[in-house]
Amino acid sequence: MSTGLEQLYQQIILDHAKARHGSPLREYDGAGRVGESHQLNPVCGDEITLRAGVADGTLTSVTWDGAGCAISMASASVLTDLVQGLPRDEVIALVDAFREVLRSRGRIEADEEVLGDAAAFSGVSRFPARVKCAMLAWVALEESLLAANA
Amino acid sequence: MPVVETPVTLTPSDAGLTDAEVHRIRNDFPILGTEVNGKPLVYLDSGATSQNPVSVMEAEQEFYEQRNAAVHRGAHTLAVEATDAYEDARAAVARFIGARTDELVWTSNATEGINLVAYAMSNAAAGRGGDAARRFAVGPGDTLVVTEMEHHANLIPWQELAARTGAELRFLPVDDDGALRLEEAAAVITPATKLVAFSHASNVLGTINPVAEIVRLAQSVGALTLLDACQSVPHLPVDVKDLDVDFLVFSGHKMLGPTGIGALYGRAELLNAMPPFLTGGSMITTVTMERAEYLPSPNRFEAGTQRISQAVALGAAANYLAETGMSRVEAWESALGARLVEGLGAIPGIRVLGPRAGVPRIGLAAFDVDGVHAHDVGQFLDDRGIAVRVGHHCAQPLHRRFGLTATTRASTYLYTTTDEVDAFLEAVAHVRPFFGAN
């Protein structure tokens, strides 16, 4: 097996693709506001519906339903673990940092201190056709926060 | 030296290409000798776009180096030579499908050919073309019929035509083995039907549809027929007069030609009665500030400067295929299709769409891998230098009908070897273990 494929499909990604933390989608019954977003990648049919609950400027809940490739599903799972309980502004900064790495075509290494397990997706940036897969849940979260207007 | 050579007479033969011939053919395709990800390229995506032989690329280059000029205008020598090359190519492609030269309209691709007919019908519905065009007019109470296995290109133009005119769009359903449910055809194709548009061979299922039977049903109610021949003209002998369809479309880039060129065949009497779609220069006789008279087919449908070099190259592609012999290409690919289906069927967790092993299919197979998304399957294969198509293959309703959103498709051509099919099958067997799918 070439290093390219193993860089892309790191074990942590394969594991999260099955574990799917944050799935299924649940009603948000906590305090504060809730926002939801549906994202579809028309190229491959990858799909996610994500719901975010925000109270007092903190992301209190992320749940989602999705169907798609290992990269897109693992990314949603890792994202859920990473952002729950973080201040909204930090979440936005994380999404921006993740996007910057993924769009870098391999030029920017992910900072594991900042992105945690999501740094495992660095390899995706060398496969431009897969960047959308990895970004799907992150865009859905961004849109959910906008929708929550919080 | 003529730009387009006269094709040699086809030798009727049931025998397919031999291994040795296929290896010789491969030498004509430089890209097939390249490497991808450090592995020899195994190109199994010809259903999406085929590769070009040297003769096709040379025809295009030769045109630009020696004959480039606007066609059908200008009296200088180059303009005459360019026009000859352009019209010779039309004759070659028309001959390739058994059409008259004036029945072959150049389009950008098959999609444009279908849209041309749909918009011409729309224009007829708006009263354009007068009495002669009335048979193309559709409106409330009329139906347009497609099938559940259509590529979006042969679905959406009809959805739009229906929406513009008030006609109703109906479809022939597909059974579990990927065949049209013809027993329901009598209820779908009725005297209200004005057009039946369907594919000759499915780009997903590999199914070869019973054209004669559907044409007979359509003709019995006076409906026009349009055949999407994108997956048949490149791969098997097609004669439009034998098929007896009214319209037929195909794309150049799927038959060893360049992108940006395709063709619409139509019966001459229909094309000459049909209002134009795109209008402008080169398609007129007399123009005043108020109105215009139009040329007969094919020029009537070729407004503006055309895809000249692409047409010339497509002529060379048709000649390449004719010289090779389409019945032999068909037999070779049919064997590859059977090898794909049998091989995939023997791998645990693989579900092949379309006709079962032993039932005729063109040389492609789309399949689902249990527990692994098609995108991941394609990535795994790409790492081994194997190029396949993943996704819905522009057939979302068909995938939905089989409870899927995406599949992986391997599609062959005359240059595909049995070794490549076997390398692909061997790789697919490793997909589920790699992703831990059980």
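This is a predicted model: local features need pLDDT of at least 70, side-chain atom pairs count only at pLDDT 80 or more; totals for chains, interfaces and linings use all residues.
What does B:L248 touch? Leaving aside residues up to four places away in sequence, its contacts are B:I97, B:L227, B:A229, B:V233, B:V238, B:V240, B:L243, B:A263, B:L264 and B:Y265.

## Helix α3 of chain B

Helix α3(B) runs over residues 77-96, 20 residues in total. Its first and last C-alpha atoms lie 28 Å apart, close to the 28 Å expected at 1.5 Å a residue. B:G98 follows the helix with a positive phi, near 75°.

Buried residues of α3(B) include B:A79, B:Y86, B:R90, B:V93 and B:F96. Their cover includes α2 (54-66), β4 (104-107), β9 (247-251), α10 (308-324) and α11 (326-345) of chain B.

## Cis peptide bonds

A:S23 and A:P24 are joined by a cis peptide bond, with omega about 5°. A:P24 sits in the loop between α2 (11-19) and β1 (33-41) of chain A.

In chain B, a cis bond links B:S297 to B:P298, with omega about 5°. B:P298 is in the loop between β12 (292-294) and α10.

B:N37 is not a glycine, yet its phi is positive, about 50°. Its loop lies between β1 (35-36) and β2 (39-40) of chain B. B:N37 is partly exposed, at 45% relative accessible area.

B:D244 also has a positive phi, near 65°. It lies in the loop between α8 (240-243) and β9 of chain B. B:D244 is partly exposed, at 30% relative accessibility.

Methods: Residues are numbered from 1 along each chain as its sequence is written. Chains are lettered from A and ligands numbered from 1 in the order in which they are written. Side-chain values use heavy atoms; hydrogens and water are left out. Helices (H or I, at least four residues) and strands (E, at least two) are DSSP runs, numbered from the N terminus. The expected span of a helix is 1.5 Å times one less than its number of residues. Buried means under 20% relative accessible area, exposed over 50%, partly exposed in between (1.4 Å probe, protein chains only). Contact means heavy atoms within 4.5 Å.
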